[in-house]
Amino acid sequence: MADQDMLTAFNNCIDSLAAGNSVDDCVRHYPRFAPALRPMLEAGQLLPRAQFSPAEIQESQDRVRFRVVQALSSRRERTRSPIRRLMPLVASLILIFILALGATSILAESSLPGDTLYGMKRLTENIRLLFTSNRDALEPQFNQRRIGEIEQLLAQQREAVVEFEGTVEAINSTEWLVAGLRLHISPETILHASLQVGSVVEVSAATMQNGQIVAVSIRKISGEPITPPVPPTGVSSHTPTLSPSPTLSQTPTLTQTATLEPPPRMPTSETACVPTQPQGWLVYSVQPNDSLSGIATSTGTTLEVLMRVNCLTDRNLIVTGQRLYVPTLPITRETQESPVARGTEVENRGANGGNSGTGSSSSGPGSDDDRDDSSGSEGNDSGRGSGDG
Amino acid sequence: MIIIVLPDIPAEDRLLAQARQGQQDAIMQIYESYFPPVFQFIRLRVGERALAEDLASDVFVKFVDALQGHNAPRHSLRGWLFRVARNEIHDYYGKSRQLPITTLDEWLPDSNDNDPEIQFIRSVNADRARHAIRMLAADQQEVLILRFGQMLSLQETADILGKSTSAVKSLQFRAINTLRSILETMRTERVNG
């Protein structure tokens with residue numbers, strides 16, 4: 001066994017390196033151990049050298065961020081529902097409480113998602129809804145506050161989980177316009193049921209420091225597309241309609257995408273329809289058991305758009321091997337039906353592996369590293385089960 | 001050389017307190033600051049990048065869940081995150097994932113700056129360095145990554161590994177010398193091959 005002084009000298013030198021000193025700086029203090037210490041400390045220098053580049057770390061960090069945001073948002077959903085159920089029982093008590101804390105709730109009025117007082121703000125709103133005779137007028141008003149809050153968060157470059165309701169005004173492969181807000185649709189965004197322009201939806205999303213809003217889930221709350229009860233005040237004067245005229249070009253923020261996504265129109269009276277590949281779309285070969293609506297959902301578009309672009313007339317008629325233009329490659333959605341697929345981790349991992357297997361966007365670089373790893377892990381596996389050293 | 005600097009301890013405690021109050025800003029700030037070191041730790045241990053991402057994501061999702069379940073750490077956030085990361089890797093691989101390297105505790109040849117060993121070590125690139133590190137026993141990899149890579153203190157490392165500081169002192173000593181013996185094998189293979 002190496003003697004204690006040697007262990008201490010080595011340990012002190014590690015601390016010395018961590019403080020930014022050189023190998024020589026430390027070894028000088030231990031002339032007796034210098035010849036032994038030097039190669040050990042040199043070998044230790046391999047650890048910083050072995051680290052992965054900030055660019056690669058950043059890439060992974062961006063990919064994983066979404067799952068953390070998702071966990072945060074599902075945490076909100078889980079904690080909120082019991083409060084709603086109990087609300088009628090304790091509402092009067094809370095009302096008294098709120099009156100007593102009037103000053104606090106006034107402060108809370110200006111709070112944003114993520115702030116400590118924000119829960120208070122939402123609670124005050126829910127109580128007002130409970131006691132109002134004019135719920136229909138208040139709800140849109142509160143929703144409008146949600147949208148205002150999101151704009152403030154974006155302006156302040158803050159990351160927070162947000163929720164709001166609104167009408168889908170435009171659908172593009174990676175960007176939707178809902179209630180005047182541009183939503184970034186990631187491959188992991190959960191799209192409930194068939195959504196189309198005009199659907200009234202509940203959106204769970206996250207604001208990012210770069211000013212982007214990433215959609216976590218979009219859920220339809222009214223079955224049929226309707227004109228929104230109250231047009232957004234001040235945010236956008238544009239009223240979404242379902243008329244077949246290209247109203248989208250009137251939306252100032254979406255002019256560049258308007259050509260890609262004219263409003264859905266059934267190609268019934270078309271004389272000659274020629275499928276043309278919209279810019280940025282990909283060719284997808286229909287797989288066994290695919291359905292057109294399934295492909296639409298999993299590629300972030302709608303049945304109507306898919307049919308129009310591909311000149312299809314029968315929504316039930318696609319054949320295996322048929323080539324379709326799609327906005328992105330489809331991703332299996334089964335595991336994402338429940339937003340929190342935290343049940344078994346193995347399952348999670350499998351699903352994630354499957355995702356990257358479809359090759360939509362994941363790891364391109366680093367493949368040669370992985371080749372190196374595989375040989376390494378084989379070697380390691382052979383040693384599995386041997387006792388601790 | 002890339003060194004990831006963790007937030008200092010007072011800043012870390014402040015962030016953790018805010019996160020425990022449910023401030024999402026703070027939670028995301030923790031993610032932004034601590035993902036790089038935690039991922040670096042996992043990535044050096046785990047060959048496949050996608051798997052490393054899954055494990056890292058589990059660490060932070062567990063943190064979010066812990067905040068909800070009110071069993072989040074009260075102090076030493078970094079220790080908690082690295083401990084969970086370590087458990088994730090162990091759960092995945094099994095604790096005994098290691099090479100049957102014969103112990104080389106006393107393998108301490110004399111050397112100086114012109115020593116071919118030191119010259120070889122300096123010539124090793126990142127890929128070969130990773131390869132050599134992954135041939136070590138799990139706890140030896142961990143101690144080297146935390147002490148030399150993440151530059152954590154002896155005490156912090158001991159907390160994460162669940163060992164006494166004196167055990168960590170011996171472990172890091174054994175680990176570095178085992179690493180040297182692996183490098184030595186690589187060097188002689190290169191010379192002879």
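Trainee: In which sense, left-handed or right-handed, does α4(B) pass α8(B)?

Mentor: A crossing is left-handed if the near helix is turned anticlockwise from the far one by less than a right angle, and right-handed if clockwise. Here α4(B) passes α8(B) in a right-handed crossing. Before we proceed, please note that this is a predicted model, in which local features need pLDDT of at least 70, side-chain atom pairs count only at pLDDT 80 or more, and totals for chains, interfaces and linings use all residues. Residues are numbered from 1 along each chain as its sequence is written, while chains are lettered from A and ligands numbered from 1 in the order in which they are written.

Trainee: At what angle do α4(B) and α8(B) pack, and how far apart are their axes?

Mentor: Two packed helices are described by the angle between their axes and the distance between the axes. The axes are lines fitted to C-alpha atoms, for helices over the stretch in contact, and angles run from 0 to 180 degrees between N-to-C directions. Helices (H or I, at least four residues) and strands (E, at least two) are DSSP runs, numbered from the N terminus. For α4(B) and helix α8 (residues 154–161) of chain B, the angle is about 40 degrees and the axes are 8 Å apart. That angle makes α4(B) oblique to α8(B); angles under 35 degrees count as roughly parallel, over 145 as roughly antiparallel, 65 to 115 as roughly perpendicular and the rest as oblique.

Trainee: Which residues of α4(B) and α8(B) meet?

Mentor: Two residues are in contact if their C-beta atoms, placed from the backbone, lie within 7 Å. On the α4(B) side the residues are Arg78(B), Gly79(B), Phe82(B), Arg83(B) and Arg86(B), and they meet Glu156(B), Asp159(B) and Ile160(B) in α8(B). An α-helix has 3.6 residues a turn, so residues three or four places apart point the same way.

Trainee: How do the axes of α3(B) and α4(B) cross?

Mentor: Helix α3 (residues 49–68) and helix α4 (residues 77–93) of chain B have axes that come within 9 Å and cross at roughly 130 degrees. The two helices are therefore oblique to each other, and α3(B) passes α4(B) in a right-handed crossing. Among the residues that meet are Leu55(B) and Val59(B) in α3(B), with Leu81(B) and Ala85(B) in α4(B).

Trainee: Is the crossing of α1(B) and α2(B) left-handed or right-handed?

Mentor: That crossing is left-handed. The axes of helix α1 (residues 9–20) of chain B and α2(B) come within 7 Å and cross at roughly 135 degrees. Leu15(B), Gln18(B) and Ala19(B) in α1(B) meet Ala26(B), Ile27(B), Gln29(B) and Ile30(B) in α2(B).

Trainee: What does Asp25(B) touch, and is Asp25(B) buried or partly exposed?

Mentor: A residue is buried if 20 or more other C-beta atoms lie within 10 Å of its own, exposed if 12 or fewer, and partly exposed in between; C-beta atoms are placed from the backbone. Asp25(B), which lies in helix α2 (residues 24–45) of chain B, has 19 such neighbours and so counts as partly exposed. Not counting residues up to four places away in sequence, Asp25(B) touches Gly114(A), Arg158(A), Glu159(A) and Ala160(A).

Trainee: How many residues of α7(B) are buried?

Mentor: Twelve of the twelve residues of helix α7 (residues 138–149) of chain B are buried, so this helix is largely enclosed by the rest of the structure. After α7(B) comes Met151(B), with a positive phi near 55 degrees.

Trainee: How many residues has the largest nonpolar core?

Mentor: A nonpolar core is a set of buried Ala, Val, Leu, Ile, Met, Phe, Trp, Tyr and Cys residues joined through C-beta atoms within 7 Å. The largest has 122 residues, and Val38(B), Ile42(B) and Ala85(B) are among those with the most contacts inside it. Eleven residues, the largest share of this core, come from α2(B). Leaving aside neighbours within four places in sequence, the contacts of Ala85(B) include Val38(B), Phe41(B) and Ile42(B).

Trainee: How many helices and strands has each chain?

Mentor: Chain B has nine helices and zero strands, whereas chain A comes to 13 helices and seven strands. Of the 193 residues of chain B, 50% count as buried; of the 389 residues of chain A, 30% do.

Trainee: In which sense do β1(A) and β2(A) pair?

Mentor: Two strands pair if DSSP finds at least two bridges between them. Strand β1 (residues 160–171) and strand β2 (residues 175–178) of chain A pair in the antiparallel sense over three bridges, and they form a hairpin with three residues between them.
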